[in-house]
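Please find below some short notes on the model.

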Amino acid sequence: MSLKLISGMMKSSGEEALLVMDTGGTNQMVVIDRQALLEVAQPPRCDESRLQENIGLFSRIACAKFDRGDIEPDGRIHIHAADLGTSVGA
(Lines give C-alpha, C1' and ligand atoms only; values in the text may rest on other atoms or scores of the structure.)
Protein backbone atom coordinates (compact mmCIF):
# COMPACT_ATOMS: atom_id res chain seq x y z
CA MET A 1 0.00 0.00 0.00
CA SER A 2 1.25 3.44 -0.85
CA LEU A 3 -0.55 5.17 2.03
CA LYS A 4 -0.84 4.28 5.70
CA LEU A 5 -3.76 5.41 7.85
CA ILE A 6 -2.85 7.76 10.69
CA SER A 7 -6.27 8.97 11.84
CA GLY A 8 -9.91 9.26 10.80
CA MET A 9 -12.57 11.65 12.08
CA MET A 10 -15.89 13.25 11.24
CA LYS A 11 -15.89 16.98 10.60
CA SER A 12 -17.90 18.90 13.19
CA SER A 13 -20.43 19.84 10.49
CA GLY A 14 -21.24 16.14 10.06
CA GLU A 15 -21.23 16.60 6.28
CA GLU A 16 -17.98 14.75 5.59
CA ALA A 17 -15.21 12.75 7.17
CA LEU A 18 -11.46 13.16 6.97
CA LEU A 19 -8.68 10.62 6.90
CA VAL A 20 -5.09 11.61 7.52
CA MET A 21 -2.76 9.18 5.76
CA ASP A 22 1.04 8.95 5.67
CA THR A 23 2.75 8.85 2.28
CA GLY A 24 6.12 7.97 3.78
CA GLY A 25 7.11 11.36 5.07
CA THR A 26 4.20 13.70 4.39
CA ASN A 27 0.52 13.61 5.20
CA GLN A 28 -2.19 13.09 2.59
CA MET A 29 -5.67 14.37 3.42
CA VAL A 30 -8.64 12.29 2.26
CA VAL A 31 -12.19 13.70 2.26
CA ILE A 32 -15.11 11.26 2.37
CA ASP A 33 -18.40 12.85 1.37
CA ARG A 34 -21.69 12.38 3.18
CA GLN A 35 -23.26 10.27 0.43
CA ALA A 36 -20.39 7.75 0.54
CA LEU A 37 -20.86 7.37 4.30
CA LEU A 38 -24.61 6.94 3.88
CA GLU A 39 -24.28 4.31 1.16
CA VAL A 40 -21.52 2.15 2.59
CA ALA A 41 -23.84 0.02 4.74
CA GLN A 42 -27.37 -0.41 6.02
CA PRO A 43 -29.05 1.31 7.68
CA PRO A 44 -27.77 4.54 6.11
CA ARG A 45 -25.95 6.64 8.68
CA CYS A 46 -23.43 9.46 8.47
CA ASP A 47 -21.60 9.47 11.79
CA GLU A 48 -18.34 8.58 13.51
CA SER A 49 -19.33 4.95 14.11
CA ARG A 50 -20.11 4.39 10.41
CA LEU A 51 -16.71 5.87 9.52
CA GLN A 52 -14.88 3.67 12.01
CA GLU A 53 -16.78 0.52 10.93
CA ASN A 54 -15.63 1.07 7.33
CA ILE A 55 -12.30 2.82 7.77
CA GLY A 56 -10.44 -0.08 6.15
CA LEU A 57 -12.59 0.17 3.02
CA PHE A 58 -12.14 3.93 2.80
CA SER A 59 -8.38 3.54 3.31
CA ARG A 60 -8.17 1.02 0.44
CA ILE A 61 -10.14 3.33 -1.85
CA ALA A 62 -7.84 6.23 -0.93
CA CYS A 63 -4.76 4.11 -1.64
CA ALA A 64 -6.09 3.06 -5.04
CA LYS A 65 -6.89 6.66 -5.95
CA PHE A 66 -3.47 7.83 -4.75
CA ASP A 67 -1.71 5.13 -6.80
CA ARG A 68 -3.67 6.23 -9.90
CA GLY A 69 -2.79 9.86 -9.26
CA ASP A 70 -6.47 10.68 -8.71
CA ILE A 71 -5.75 13.70 -6.52
CA GLU A 72 -7.80 16.90 -6.66
CA PRO A 73 -6.22 20.25 -7.57
CA ASP A 74 -6.38 21.19 -3.86
CA GLY A 75 -4.04 18.26 -3.12
CA ARG A 76 -6.65 16.13 -1.36
CA ILE A 77 -8.18 12.82 -2.35
CA HIS A 78 -11.99 12.88 -2.43
CA ILE A 79 -14.07 9.73 -1.95
CA HIS A 80 -17.62 9.84 -3.33
CA ALA A 81 -20.41 7.26 -3.33
CA ALA A 82 -19.53 6.36 -6.94
CA ASP A 83 -16.11 5.19 -5.73
CA LEU A 84 -17.68 2.50 -3.55
CA GLY A 85 -18.90 0.35 -6.43
CA THR A 86 -15.50 0.25 -8.14
CA SER A 87 -13.47 -0.35 -4.99
CA VAL A 88 -15.50 -2.57 -2.66
CA GLY A 89 -13.57 -5.66 -3.69
CA ALA A 90 -10.22 -3.87 -3.65
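1. The side chains of D83 and K65 are joined by a polar contact of 3.0 Å. This is a predicted model, and the distance is to be read accordingly.

2. Where does D83 sit? D83 is placed in helix α4, which spans residues 81-87. Its relative accessibility is 13%, and D83 counts as buried because the cut-off for that class is under 20%.

3. Once neighbours within four places in sequence are set aside, the contacts of D83 are I61, K65 and H78.

4. Helix α3 covers residues 55-68 and lies across β1, β2, β3 and β4.

5. The four strands form an open sheet in the order β1-β2-β3-β4, and their pairing is mixed. β1 (4-10) and β4 (77-79) are the edge strands; each has a single partner strand, so one side of each is left without a neighbour in the sheet. From one strand to the next, the twist averages 20°.

6. Which strand does β2 pair with in the antiparallel sense over seven bridges? The partner is β3, with residues 16-22 making up β2 and residues 27-33 making up β3. Within β3, V30 is the residue that L19 stands opposite.

Notes:
Residues are numbered from 1 along each chain as its sequence is written. This is a predicted model: local features need pLDDT of at least 70, side-chain atom pairs count only at pLDDT 80 or more; totals for chains, interfaces and linings use all residues. Side-chain values use heavy atoms; hydrogens and water are left out. Two strands pair if DSSP finds at least two bridges between them. Helices (H or I, at least four residues) and strands (E, at least two) are DSSP runs, numbered from the N terminus. Axes are lines fitted to C-alpha atoms, for helices over the stretch in contact, and angles run from 0 to 180 degrees between N-to-C directions. Contact means heavy atoms within 4.5 Å. Buried means under 20% relative accessible area, exposed over 50%, partly exposed in between (1.4 Å probe, protein chains only). A polar contact is a pair of N or O atoms within 3.5 Å; within protein, one must be able to donate a hydrogen and the other to accept it, and residues adjacent in sequence count only if both atoms are side-chain atoms.
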